[in-house]
Amino acid sequence: MKKIACLLVAVMLLACLPLTAFAAKAGETVSIEFTTENNPGLTGYKAILNYDETALKLVEVVVSAGTSDVNGNSVAVMSANPITGATLFTAKFEVLSGAKHGETYAVTATVEEAYDADVEDVALTINGGEVVIDACEHVWGEWTGTEATCGAAGELTRTCTICGATETSNPE
């Protein structure tokens with residue numbers, strides 16, 4: 001019973017998080033703003049970006065204030081003055097050919113540390129977004145299989161050269 005109650009609470013909390021979704025296809029770039037609703041007068045923080053590396057490639061991170069150090073998917077920011085505003089940074093991603101058509105990829109940030117001007121730890125939540133991969137505009141290959149004969153139905157199949165989807169026809 002406790003597990004169900006915890007799961008319901010987690011689902012309700014996730015439903016309250018604002019997520020921004022961007023539609024894209026392979027080769028395009030998308031920018032996602034990472035925001036907070038509880039900026040406690042930050043002067044520094046470190047966050048790990050979480051995303052599917054087979055579908056997305058981090059290209060650039062631009063912070064709204066302070067000096068940043070980006071190492072792989074780790075973003076560390078320090079500022080001499082308190083960081084104000086809801087947008088902490090913007091991350092630009094390239095959609096890779098491994099992204100599946102019609103799929104949605106979450107892009108989140110896990111806070112490892114956050115502190116204020118007194119270098120006291122503060123609670124910080126960072127909201128990310130989603131990248132929705134456009135549905136495939138199929139480019140079909142040739143039909144293969146067996147043609148219908150006088151005594152038997154045939155079955156032909158063709159495959160999309162982009163996403164690998166198949167389509168079957170049963171000629172009579």
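1. In this predicted model, K46 and E112 form a salt bridge (a side-chain nitrogen of Lys or Arg within 4 Å of a carboxyl oxygen of Asp or Glu), with the closest N and O atoms 3.6 Å apart. Because K46 belongs to strand β3 (residues 42-50) and E112 to strand β8, the pair ties together parts that are 66 residues apart in sequence; strands here are DSSP runs of E with at least two residues, numbered from the N terminus. K46 is partly exposed at 28% relative accessibility, where buried means under 20% relative accessible area, exposed over 50% and partly exposed in between (1.4 Å probe, protein chains only).

2. The structure holds 2 salt bridges, and R158 takes part in one of them with E167, the closest N and O atoms being 2.6 Å apart. E167 counts as partly exposed, at 29% relative accessibility.

3. The structure holds 0 disulfides, a disulfide being a pair of cysteine sulfur atoms within 2.5 Å. As for individual cysteines, C150 is exposed with a relative accessible area of 91%, whereas C160 is buried at 3%.

4. D118, which is exposed at 60% relative accessibility, is placed in the loop between β8 (104-116) and β9 (129-133).

5. On the conventions, residues are numbered from 1 along each chain as its sequence is written, and side-chain values use heavy atoms, with hydrogens and water left out. Since the model is predicted, local features need pLDDT of at least 70 and side-chain atom pairs count only at pLDDT 80 or more, while totals for chains, interfaces and linings use all residues.

Terms used: Helices (H or I, at least four residues) and strands (E, at least two) are DSSP runs, numbered from the N terminus.
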